[in-house]
Amino acid sequence: MFIGHFAVAYAAKKATPKTSLGTLLLAAQLPDLLWPVFLLLGLEHAAIAPGSTAVTPLAFTDYPLSHSLLADLGWGLVFAGVYALLKKDTRAALWLCACVISHWVLDAISHRPDMPLYPGGHILVGLGLWNSKLGTVTVEMGMFVAGMAIYLSATRARDRKGVWSFWLLNMLLVIIYFGNLFGPPPPSMTAVAYTGLVGGWLVVIWGAWIDRHRVAAPTSP
Ligand SMILES: [Zn+2]
């Protein structure tokens with residue numbers, strides 16, 4: 001899944017209003033930010049194989065450290081632990097842990113059966129939403145719009161930047177999403193890794209920037 005992960009981060013802002021949107025976006029896409037690093041280090045492997053599924057030209061050969069259920073539970077706990085230590089907010093840390101784990105669940109719905117339960121495990125899961133472009137777009141865009149609506153109900157802009165920075169990010173994410181969906185396959189896995197890393201961190205930094213220009217919406221009495 002791609003754009004649906006961001007929807008989770010947006011929606012989580014309502015549950016934990018004091019947590020920066022940047023941190024929530026980092027948690028929701030943490031496995032996808034670890035994956036390019038492990039690819040470049042040669043610890044995980046993927047190949048360009050157009051037709052692998054209708055949605056992605058990538059075949060995920062093995063990615064036990066970034067995308068097994070057990071590893072993502074571990075990453076979620078580590079992320080939450082670091083946050084709890086730094087911010088002294090256990091409740092927010094638990095929400096961040098849930099965001100990390102949601103990544104695995106949403107990927108397991110999208111991918112064909114290529115997601116391990118634990119490193120070295122032979123049981124691979126995946127419900128294969130990605131076999132249908134229409135199904136994928138319907139589910140992911142539905143989630144994305146719902147996530148944006150929840151985020152907008154939970155926050156309000158402090159200034160003009162708080163308005164256009166949010167909408168510009170969403171517009172770019174949708175353009176990139178459809179570009180990936182209907183564009184040509186990437187030139188190499190190294191290119192995939194670097195663009196994933198740069199793009200992913202840019203979204204995190206952008207989210208943190210948006211957060212500085214928006215405040216929690218007053219709750220109704
Ligand atoms: Zn992923």
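## A mostly covered helix

Helix α1, which spans residues 3-15, is mostly covered, since 11 of its 13 residues are buried. The model described here is a predicted one. The buried residues of α1 are I3, G4, H5, F6, A7, V8, A9, Y10, A11, A12 and K13. What covers these buried residues includes the helices α2 (21-28), α6 (90-110), α7 (133-154) and α8 (160-182), together with the strand β5 (155-157).

## The largest nonpolar core

Which residues touch the most other members of the largest nonpolar core? In this core of 47 residues, they are A9, L25, L96 and C99. At least two residues of the core come from each of α1, α2, α3 (30-40), α5, α6, α7 and α9, and α6 gives the most, with 10 residues. Once the neighbours within four places in sequence are left aside, C99 is in contact with V8, A9, A12, L24, A27 and A28.

## Two pairs of packed helices

Two packed helices are described by the angle between their axes and the distance between the axes. The table gives both values for two pairs.

| Helix pair | Angle between axes | Distance between axes |
|---|---|---|
| α8 and α9 (189-212) | roughly 155° | within 8 Å |
| α3 and α5 | about 110° | 11 Å |

The axes of α8 and α9 cross at roughly 155°, and because an angle over 145 degrees counts as roughly antiparallel, α8 is roughly antiparallel to α9. The crossing of these two helices is left-handed. On the α8 side the meeting residues are G162, S165, F166 and L169, while on the α9 side they are W206, W209 and I210. Sorted by class, this contact of α8 with α9 has five nonpolar residues, two polar residues and no charged residues.

The angle of about 110° between α3 and α5 falls in the range of 65 to 115 degrees that counts as roughly perpendicular, and α3 and α5 are therefore roughly perpendicular to each other. Their contact is made by L30, P31 and L34 of α3 and by D72, W75 and F79 of α5. By class, the contact of α3 with α5 has five nonpolar residues, no polar residues and one charged residue.

K88 lies in the loop between α5 (69-87) and α6, and K88 has a positive phi of about 55° although it is not a glycine. Is K88 buried or exposed? K88 has 9 other C-beta atoms within 10 Å, and because a residue with 12 or fewer counts as exposed, K88 is exposed.

S188 lies in another loop, the one between α8 and α9, and S188 counts as exposed because it has 10 C-beta neighbours inside 10 Å. How far apart in space are S188 and A47, C-alpha to C-alpha? Although S188 and A47 are 141 residues apart in sequence, they are 8.3 Å apart in space.

F178 and W201 are 23 residues apart along the chain, and their C-alpha atoms are separated by 20 Å.

Notes:
Residues are numbered from 1 along each chain as its sequence is written. This is a predicted model: local features need pLDDT of at least 70, side-chain atom pairs count only at pLDDT 80 or more; totals for chains, interfaces and linings use all residues. A residue is buried if 20 or more other C-beta atoms lie within 10 Å of its own, exposed if 12 or fewer, and partly exposed in between; C-beta atoms are placed from the backbone. Helices (H or I, at least four residues) and strands (E, at least two) are DSSP runs, numbered from the N terminus. Two residues are in contact if their C-beta atoms, placed from the backbone, lie within 7 Å. Axes are lines fitted to C-alpha atoms, for helices over the stretch in contact, and angles run from 0 to 180 degrees between N-to-C directions. Angles under 35 degrees count as roughly parallel, over 145 as roughly antiparallel, 65 to 115 as roughly perpendicular and the rest as oblique. A crossing is left-handed if the near helix is turned anticlockwise from the far one by less than a right angle, and right-handed if clockwise. Ala, Val, Leu, Ile, Met, Phe, Trp, Tyr, Cys and Pro count as nonpolar, Asp, Glu, Lys and Arg as charged, and the others, Gly among them, as polar. A nonpolar core is a set of buried Ala, Val, Leu, Ile, Met, Phe, Trp, Tyr and Cys residues joined through C-beta atoms within 7 Å.
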